[in-house]
Amino acid sequence: MIVYDKQYDVIVVGAGHAGCEAALAAARMGCSTLLLSINLDAVALMSCNPAIGGQAKGHIVREIDALGGEMAKNIDATGIQFRVLNTRKGPAVRASRAQADKQLYRLRMKSVLERQDNLDLKQAEVTALHLEHGAVAGVDTRAQVRFLGRTVVLTTGTFMRGLIHIGLINYPGGRAGDLPSIGLSDQLRSIGFSVGRLKTGTPARLDGRTIDFSRLEPQYGDDPPKPFSFSTDRIGRPQVPCYIAYTNEKSHEIIRSGLDRSPLYAGIIEGVGPRYCPSIEDKVMRFPDKERHQTFLEPEGADTVEYYPSGLSTSLPIDVQWAFYRSIAGLERVEIMRPAYAIEYDYVDPVQLHATLETKLVANLYHAGQINGTSGYEEAAGQGLMAGINAALRVKGEEGVVLGRNEAYIGVMIDDLITLGTREPYRMFTSRAEYRLLLREDNADLRLRDVGYRLGLVTGREYGAFTAKKEMIADEMERLRSRKMLLSETDRGFLEEFDLGGIQNALTFEQLLKRPDFTYAQLARLDATCAGVPEDVREQVEIQVKYKGYIDRQDEQVRRMARMESARIPTGFDYQAMTGLTAEVREKLDRFRPDTLGQASRIPGVTPAAIAVLSIALKVREEG
């Protein structure tokens, strides 16, 4: 074994979306960082859909940006269609989504990594961890080179013992075109980690020259497009449409006829697939009465003819794929450029992690992304950012950062993983957050910008713009409380339009804005100053005024839970010695090893009565 002649503070294994954020965070915090990838030409590669964001995922991207991460800036620079989803619904569920130019996204992120101070990139396959005295001290590679590091972040994606399935044919691969990682998961299992098997899949890539777009429904983005990053002023790249198509009964019959050669239905695939993103054969079998399924044909870039048919992932044989895709109206002559496939891979049960994403079994080792059982670029990037931050803080000898469930979707996700674990690919939804009115996309900077600045990830220029925005919001809120609509000075037609003709007393602008039918646009008709307020400030003020009662109620819920969330459980706490707990509860607490009383309360099967007993025991221990 050759020992490399440089020791690193942080070694990041894997250069997917989690690895990129972890490496950048650690390096930007001043740590000497090494990023290792099996293939440096596949840095930040979008293995599945060429898009960022979506329901709840867009929230995570904006949180990453508020903390000083890179994903939002990268999609803003390389996006080719931007849309805000759920605009007719409340602000808590509005979410941004953007199509990316797949190759530009990868190339820009690689360029950012290459230009980052304190960061080295090297191509190597990591086959084992190097351990010393129960802690990780580096990694070993296939080429028999040992890299020493004070902390290690594993972001292995779908590569650990990856196995690709197309029909009844299967072969090793981390994804199509890349080698798998062999050896690492076996070592993790031998150390004592609980290692499981998951499955995901991706659709075929279609040749746009062989698609009849005149028979499809175009879907355009927003005009003007709204950026993800709080630091992006405008989107300058030309925007392109997606196209909507539908399967039909003929499509479904072709799929059913090929199920005898489906690895999913033949029992060849062992891993559990994503319930919220099923393959097309799963959709057809689970919903037999549904006459058609929708797909969005998404361009993979401005300079390629490849299209991604969203929602049509499959592992059926290639001849069935040809027939199935060509049964769709507009795709009768379509050519498949890359076949669809399923992939199985190893993951490590995330209940074996602390809230900092450090493993409980091996000190200084952090896990982030699909190794923790999650799905999606955004979920991976959010974990990667937090793992990189906490690895850097460990090197500096400082306390780790843990985001609460009331502070960020990233906090909800990590808490879900470490307290509940997962037996299927975990995907974020707004419904997972009990405080989702507090965790809106629009206020991610107000929630997290201070944290990112304190860590050194947010620049002085960005923080200056943020503090100016905060001051403008406060000033405008105060102005609306004091400024009044005087009946004697208001046009009678305006009063009648908004059913205000019968009011007796003057109303403040804040009282007007609380009305469901009243917006800043209407206020601007009364007061020219409103028209000059920046859009992002107007948005914040209007939401805070209209939803104040609901926001205050959730704030009160957070305050009630704060005591449990801050009550720490000592490492190695002896649950078996507690006579007030049932054997089942003791077993669960021993398995999950929660860090706080709040985490313990969310473990399935741990009752409120058990939490009360545990709370008393912790208090007695503290006083003793």
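Mentor: Two strands pair if DSSP finds at least two bridges between them; helices (H or I, at least four residues) and strands (E, at least two) are DSSP runs, numbered from the N terminus. This is a predicted model, in which local features need pLDDT of at least 70 and side-chain atom pairs count only at pLDDT 80 or more, while totals for chains, interfaces and linings use all residues. Residues are numbered from 1 along each chain as its sequence is written, and side-chain values use heavy atoms, with hydrogens and water left out.

Trainee: How do you know that strand 1 and strand 10 are joined?
Mentor: Two bridges connect strand 1 (residues 2–3) with strand 10, and the two run parallel. Val3, for instance, has Arg146 of strand 10 as its bridge partner.

Trainee: Which sense, parallel or antiparallel, does strand 2 take with strand 10?
Mentor: Strand 2 (residues 8–13) runs parallel to strand 10, with five bridges between them; Tyr8 stands opposite Gly149 there. Strand 21 (residues 365–367) also pairs with strand 10 in the parallel sense, over three bridges, and Leu154 has His367 as its partner.

Trainee: What makes strand 9 and strand 10 a hairpin?
Mentor: Three residues lie between them, and strand 9 (residues 135–141) runs antiparallel to strand 10 with three bridges. Val139 stands opposite Phe147. In the turn, Gln144 has a positive phi of about 65°.

Trainee: Why is strand 10 called largely enclosed?
Mentor: Buried means under 20% relative accessible area, exposed over 50%, and partly exposed in between (1.4 Å probe, protein chains only). Seven of the 10 residues of strand 10 (residues 145–154) are buried, so the strand is largely enclosed by the rest of the structure.

Trainee: What can be said of helix 1 on that count?
Mentor: Helix 1 has 11 of its 12 residues buried, so the rest of the structure largely encloses it. The buried residues include His17, Cys20, Glu21 and Leu24. Gly30, with a positive phi near 95°, follows the helix.

Trainee: Why does the radius of gyration agree with a compact globule?
Mentor: The radius is taken over C-alpha atoms, and the globule rule is 2.2 Å times the number of residues to the power 0.38. With 624 residues the rule gives a value near 25 Å, and the protein has 26 Å, so the two agree. Of these residues, 56% count as buried. The secondary structure comprises 21 helices and 23 strands.

Trainee: How many disulfides does the protein have?
Mentor: A disulfide is a pair of cysteine sulfur atoms within 2.5 Å, and by this rule the count is zero. The sulfur of Cys242 is 15 Å from the closest cysteine sulfur, in Cys48, too far for a bond. For Cys277 the closest cysteine sulfur is also in Cys48, at 6.5 Å, again too far.

Trainee: Are these two cysteines buried or exposed, and what values place them?
Mentor: Cys242 is buried, with a relative accessible area of 2%, whereas Cys277 counts as partly exposed at 48%.
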